[in-house]
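Biologist: I'd like to learn how to read pockets, strands and cores in a model. Could you walk me through them?

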Amino acid sequence: KLVDEGYTVKALKRPSTELSLLNDIKDKIQWIDGDLVNVTETENYLEGVHKVIHCAALVSYDQREEELIYQTNVEGTANLVNAALLQNVELFVHLSSVASIGKEKHVKVSTEETHWTEGENVSTYARSKHQPELEVWRGWAEGLNTIIINPSLVLGPGNWHKSSTQVFKYVYEERSFYTTGIVNYVDVRDVAEVTVRLMNSDLKGERFILNSGNVSYKELFDKIAAAMQKTPPGIRVGSNLIKAAIIFEKIRSK
């Protein structure tokens, strides 16, 4: 989206990052190999940068990766906020997640004003998305223009082994199980469109939830399976089996 609109784009990646999805534009981007956890180098990444869109994060619910999740999501964001302040960046756009939005009791619909609440059902990943937002708000308090964007489940082309797109891999492999409940979703193209619009707006110091709609897991799996001509999951998993699976997964992770 940025390249199409004529922006000069500088992008941070790891040396091992796979770029096949960007084959048509990768030569139009100034690539930097680095790591946001590297405090001494992070400031250098932002030399000559006017606006930052920060969407680097580790999406994982694996307890074995807890330290890496916090290091990447929390420390990495704090380092980048500090670097943006030192380099006098004009705007810091932070792509977070609806996972960082609170779930207040007796509130059926979460909004941008919903307060974060701790609890036993809060995942390590959710905390690792909430805490970086505190770093962004700290930057705002210290004079950095900021915007926080909270997309729901982002659907679109991507690596099926990472992040939200694993849902396509699950259906493609014709797995058998699905759970009850609903999932909120948004198209990756809409996320890109809204992000650029907000970047060019006069809005500052606010957060924005991006969500297109909601659908049951069964309906979502059925639609994906139909598009792929695969057999959708057909066995509903009840709460007792889920609780047993959670216990087993905690033991396995340790």
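This is a predicted model: local features need pLDDT of at least 70, side-chain atom pairs count only at pLDDT 80 or more; totals for chains, interfaces and linings use all residues.

Biologist: Which elements give two or more residues to the lining of the second largest pocket?

Modeller: Those elements are β10 (213-216) and α6 (217-228). With four residues, α6 gives the most to this lining.

Biologist: And which residues line the second largest pocket?

Modeller: The lining consists of Leu-155, Phe-168, Tyr-185, Asn-214, Val-215, Glu-219, Leu-220, Lys-223 and Ile-224. Sorted by class, six are nonpolar, one is polar and two are charged.

Biologist: How many bridges join β3 to strand β4?

Modeller: Four bridges join β3 to β4 (residues 91-95), and the two strands run parallel. His-54, for instance, has His-94 as its bridge partner in β4.

Biologist: Which residues touch the most other members of the largest nonpolar core?

Modeller: Val-52 comes back here: along with Leu-46, Phe-92 and Leu-144, Val-52 touches the most other members of this 14-residue core. Helix α2 (residues 66-86) supplies the largest share of the core, five residues.

Biologist: What is Val-52 in contact with, leaving aside its neighbours within four places in sequence?

Modeller: Val-52 contacts Leu-46, Leu-80, Val-89, Leu-91, Phe-92 and Val-93.

Note on methods. Residues are numbered from 1 along each chain as its sequence is written. Side-chain values use heavy atoms; hydrogens and water are left out. A nonpolar core is a set of buried Ala, Val, Leu, Ile, Met, Phe, Trp, Tyr and Cys residues joined through side-chain atoms within 4.5 Å. Buried means under 20% relative accessible area, exposed over 50%, partly exposed in between (1.4 Å probe, protein chains only). Contact means heavy atoms within 4.5 Å. On a 1 Å grid over the protein atoms alone, a cavity is a set of points where a 1.4 Å probe fits but cannot get out, and a pocket is an open set with protein on both sides within 12 Å along at least five of seven lines; lining residues have an atom within 4 Å of a point. Ala, Val, Leu, Ile, Met, Phe, Trp, Tyr, Cys and Pro count as nonpolar, Asp, Glu, Lys and Arg as charged, and the others, Gly among them, as polar. Two strands pair if DSSP finds at least two bridges between them.
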